[in-house]
Structures are given as C-alpha cells and as structure tokens.
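Visitor: I would like to learn how to read strands and the residues packed around them. Could you guide me through one example?

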Amino acid sequence: FSKKILVPIIIAVALLGGFLVWYFVINNNKTSPTPVLSETKAPDISTNFSLEEAPLESLKGAITNLEGDVKILGRIATEEASLLNPSVKVQQGENYITGEDGNLSIVFENALKINIYENSEVDVIQTLPAAIVFSQVEGSANYKKTGTYPITVRTSYLLTEVDGDVDIERDTESYLVIATVNFGDATFAYNDEDYMSHVIKAKAGQTFTFNYDTRQGVLE
C-alpha cells in the first residue's frame, strides 16, 4: 500500500478499537436493576373433608327403633364396635351390627327406611342425594324407598337398585344372596365368572337368588 492509503486505514482501525474499548468499559460498569418480587398469597389448600363428620350435603338418618344388642363402628373408630346410642344421627361411613336379639330401624327422611334384623351388618357407604349406597355384609335387612333418590345395596358381587320395598338376605354358609321384591321394582346387576355383565329387573312378588361363589343368578 502507498503511504496515502495506509495512513487513513491505520487511523480508522485505531478509532474503531478505541470505540470498542470505551463501549465495553461503560457497559461493564452498569449494574442491572434488582428485580422486585411481589408478594404472592399462598394457595389455599384447606378442604371441607372431615373424618369426624360426613359431608354437609349428605343425608343423615334417625334411629326410630332399637332393640337388643346393636353396635356401631363409627367413622373414626380404631377399636371394636361400641353399643349404639339411639339419639345419635346416622351418617355415611358408619357400620351397624346387630346381635342375636338385635333389631334396628333407621329412617332417612324423604329417602328410605331400613330395618336391620338380628345377626346382621349393614355399612352406610354413602348418603349423598345423587347416590345412596349401602353394603350388606351379612344377615338380613329390609330397604323401603320413600323418596326419589337412587338407592343401591351391594351384597358381595351383587348390586341391587331398590325402587320399592325389598328384603335382602345374605347366607354366608351357602354363598347365597336372596332378594325378594315386596312391592315396586328392583334391578339386579352382576358380572359372571367370564366378566360378562348381567342386568335383571324384578317386580313385586319375584325373588332373585344369586350365588356369589359361582356368580350365577336365578329370578323366580
């Protein structure tokens, strides 16, 4: 290069280098503003669930008859069942057990009446208006529908939807559930040994016998 061309190039490079040095020095001396964290409210993880009390919307029953040996296993019971106080309200999550001379009647207003006979156990699974469910563990009981809420009784592998007055007996020695429709209707549902679903409707005067060992049922 000639001297006339070389000198301007050297000056331009020097100016560019000086500008870059000045730019990085200035920016390195600047501090980023400290972010301000706004206070956030902790999420509300409270719940209405209670072991002691059933949901507020669930129906509660009243004991209208109590005879002989009748015991209750409460929602938070950790030991053996205790003698039933007839003044308590019946709520979901409780188990009722009758002895040899025991007899218990429970009324859920505008829903149903249950009579639990001697040597029986009925568990109150759920009493929400959308679905009232009981489990009959053993013995005999009568279910009388007095309202419009759906009522289902589970007895081993058999489900019984009560739409009237139905007697249900579970014989644990012969593996049988015997359900008799006194008036109204009842619908029985179960799965057989091949997991095929069966739904059988019964009317007043009919009896459905279900063997929960062989998973077979007969309507008479």
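Guide: Let us begin with terms: helices (H or I, at least four residues) and strands (E, at least two) are DSSP runs, numbered from the N terminus, and two strands pair if DSSP finds at least two bridges between them. This is a predicted model, in which local features need pLDDT of at least 70, side-chain atom pairs count only at pLDDT 80 or more, and totals for chains, interfaces and linings use all residues. Residues are numbered from 1 along each chain as its sequence is written, and side-chain values use heavy atoms, with hydrogens and water left out.

Visitor: How many bridges join strand β6 to β7?

Guide: Five bridges join β6 (residues 103–108) to β7, and the two run antiparallel. F108 stands opposite L112 in β7, and in the hairpin of these strands, which has three residues between them, N110 takes a positive phi near 60°. Strand β7 is also joined by five bridges to β9 (residues 131–145), again antiparallel, with I114 opposite Y143 in β9.

Visitor: Why is β7 described as largely enclosed?

Guide: A residue is buried under 20% relative accessible area, exposed over 50% and partly exposed in between, using a 1.4 Å probe and protein chains only. Four of the five residues of β7 (residues 112–116) are buried, so the rest of the structure largely encloses this strand.

Visitor: Which residues does Y143 touch?

Guide: Contact means heavy atoms within 4.5 Å. Leaving aside residues up to four places away in sequence, Y143 touches several residues, among them L112, I114, F134 and V166.
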